[in-house]
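Here is a short briefing for a first look. Keep the sequence and the 3D view open as you read.

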Amino acid sequence: MSNSKRPTLTWESYARDIGNNIQRRRVERGYSQERVAYEARLSRYTYQKLEKGESRPGDPANPRLQTLLAIAQVLEIELTDLLPATAPDLAAR
């Protein structure tokens, strides 16, 4: 299947989807943002921005692998559970 038949997923929407996945899993566990941030060794502000899919207002998040792995471990889930099923085409930027 050619890429022209599939809508191009942007990094911005991918980052928001990661944030939504993190938030959904956190709520399922009954954890506060503060708890996850503390146990993952992140500032609360950084963690809150990540759940929104932002690094700064208007800039999409681009979390380090270590950050995502720490959050997954705190939530006791697999790292892949945080990642959306479809990845963006970074060459199409």
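**The core**

The largest nonpolar core has 19 residues, and those with the most contacts inside it are Ile22, Val36, Tyr47, Ile71, Leu75 and Leu82. Such a core is a set of buried Ala, Val, Leu, Ile, Met, Phe, Trp, Tyr and Cys residues joined through side-chain atoms within 4.5 Å. H1, H2, H3 and H4 each supply at least two residues of this core. H4 gives the most, with six residues.

This is a predicted model: local features need pLDDT of at least 70, side-chain atom pairs count only at pLDDT 80 or more, and totals for chains, interfaces and linings use all residues. Residues are numbered from 1 along each chain as its sequence is written, and side-chain values use heavy atoms, leaving out hydrogens and water.

**H1 against H3**

- Helix H1 covers residues 11–29 and helix H3 covers residues 44–52. Helices (H or I, at least four residues) and strands (E, at least two) are DSSP runs, numbered from the N terminus.
- The two pack at an angle of about 115 degrees, with their axes 6 Å apart. Axes are lines fitted to C-alpha atoms, for helices over the stretch in contact, and angles run from 0 to 180 degrees between N-to-C directions.
- That makes H1 roughly perpendicular to H3 (65 to 115 degrees).
- From H1, Arg16, Gly19, Asn20, Ile22, Gln23 and Arg26 meet Tyr47, Leu50, Glu51 and Lys52 of H3. Contact means heavy atoms within 4.5 Å.
- The residues of this contact divide into three nonpolar, three polar and four charged. Ala, Val, Leu, Ile, Met, Phe, Trp, Tyr, Cys and Pro count as nonpolar, Asp, Glu, Lys and Arg as charged, and the others, Gly among them, as polar.

**Glu51 and the buried side of H3**

- The buried residues of H3 are Tyr47, Lys49, Leu50 and Glu51. Buried means under 20% relative accessible area, exposed over 50%, and partly exposed in between (1.4 Å probe, protein chains only).
- Their cover includes H1, helix H2 (33–39), strand S1 (54–56) and helix H4 (65–75).
- Glu51 has a relative accessible area of 6%, so Glu51 is buried.
- Not counting residues up to four places away in sequence, Glu51 touches Gly19, Asn20, Ile22, Gln23, Arg26 and Gln33.
- After H3 comes Gly53, with a positive phi near 80 degrees.

**An exposed loop residue**

- Arg64 lies in the loop between strand S2 (59–60) and H4.
- Arg64 counts as exposed, because its relative accessibility is 54%.

Terms used
Parallel < 35°, antiparallel > 145°, perpendicular 65-115°, else oblique.
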